[in-house]
Amino acid sequence: MRADRELKIFTGTANRSLAKEVANYIGIPLGMGEVQRFSDGESFVNIRESVRGADVFIIQSLCNPVNDNLMELLIFIDALKRASAARINAVIPYYGYARQDRKRRAREPITAKLVADLLTTAGAQRVICMDLHAGQIQGYFNIPVDHLMAMPILAHYFRQKNIKKGVVVSPDLGGVTRARELGERLGLPLAIIDKRRPQPNVAEVMNIIGDIKGKEAIMIDDLVDTAGTITLGAEKLLEMGAVSVYACCTHPVLSGPAKERILSSPIRELVVTNTIPLNNSNNLMEKVTVLSVASLIGDAISSIHRELSVSALFD
């Protein structure tokens, strides 16, 4: 990609506020693209400026309503391809369907791979994601993938709290690597919640591995969906002797009973990022702190456009 290619940023309807932040950070206007709906629910994209020969980044989180937002992204990519954009980069702060990354039982789909195929077939030439639920999803693409991490942003926030006697807690065995990294950044020990899932979106805490007595606990996960895991975990941690519980994640999915559970839980503070917008959640903001990832995404876009390394963004 030649450095003199014009840089353009567009967005669907999933997270316009984040896209505006990213464009402002880079110092360019948000592209003039419009998403409309036919009366039967079909999505229609109208790009109201030339993108011929441009290096185009389309920002769209695959959050609720995930199917509408996915179709918007696919249609946007197709429109850009037919408008002769030089390169089409899909920036997906939250990659929906990531939890369907493998077959756990017979006759189950691997929908994370299906979404990767759809994006590639539509015409995406590069994908930028943040904190994928499963890192192996990068391998589902036959195009370049830049996998950004919100860990430095979360770690910086908790470092400012100056927690002396604390412990970082993984809510399950699968999140140990993530929790260990946060612990190393904060200089805190690690604990693990041993849980099981009898069915999707249902969690049962079995045991806690590690010393949490008399300590301030920080639970970390990649996403919070129905909030069953973190609220049950918080109750168990306090029951076992922790003095307070913080929780943090990159993606605040917060579906179903999540908001009520968080508000009624003993969690002191839930720290999230704005990869997914928190709409109509004024009362929830009593317990939730939102950190912006606009600068991280903006730096990644600038580096990719200028053909520079993005590895420094992972530090």
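# Worked exercises on helix packing and burial

Helix 2 (residues 66-82) packs with helix 3 (residues 111-122) at an angle of about 25°, and their axes are 8 Å apart. The model is predicted, so that local features need pLDDT of at least 70 and side-chain atom pairs count only at pLDDT 80 or more, while totals for chains, interfaces and linings use all residues. Residues are numbered from 1 along each chain as its sequence is written, and side-chain values use heavy atoms, with hydrogens and water left out.

**Exercise 1.** Classify the packing of helix 2 with helix 3, and describe the residues in the contact.

*Solution.* Angles under 35 degrees count as roughly parallel, over 145 as roughly antiparallel, 65 to 115 as roughly perpendicular and the rest as oblique. The angle of about 25° therefore makes helix 2 roughly parallel to helix 3. The contact (heavy atoms within 4.5 Å) is made by Leu-70, Leu-73, Leu-74, Ile-77, Asp-78 and Lys-81 of helix 2 together with Val-115, Leu-118, Leu-119, Thr-121 and Ala-122 of helix 3.

**Exercise 2.** Which residues have the most contacts inside the largest nonpolar core?

*Solution.* A nonpolar core is a set of buried Ala, Val, Leu, Ile, Met, Phe, Trp, Tyr and Cys residues joined through side-chain atoms within 4.5 Å. The largest has 41 residues, and those with the most contacts inside it are Leu-182, Ile-218, Ile-297 and Ile-301. Leaving aside neighbours within four places in sequence, Ile-218 is in contact with residues including Phe-158, Leu-182 and Leu-186.

**Exercise 3.** Decide whether Thr-275 and Gly-27 are buried or exposed.

*Solution.* Buried means under 20% relative accessible area, exposed over 50%, and partly exposed in between (1.4 Å probe, protein chains only). Thr-275, in the loop between strand 13 (269-273) and strand 14 (288-291), has 0% relative accessibility and therefore counts as buried. Not counting residues up to four places away in sequence, Thr-275 touches Asn-15, Tyr-94 and His-251, among others. Gly-27, in the loop between helix 1 (16-26) and strand 2 (33-37), is exposed because its relative accessible area is 63%.

Notes
Helices (H or I, at least four residues) and strands (E, at least two) are DSSP runs, numbered from the N terminus. Axes are lines fitted to C-alpha atoms, for helices over the stretch in contact, and angles run from 0 to 180 degrees between N-to-C directions.
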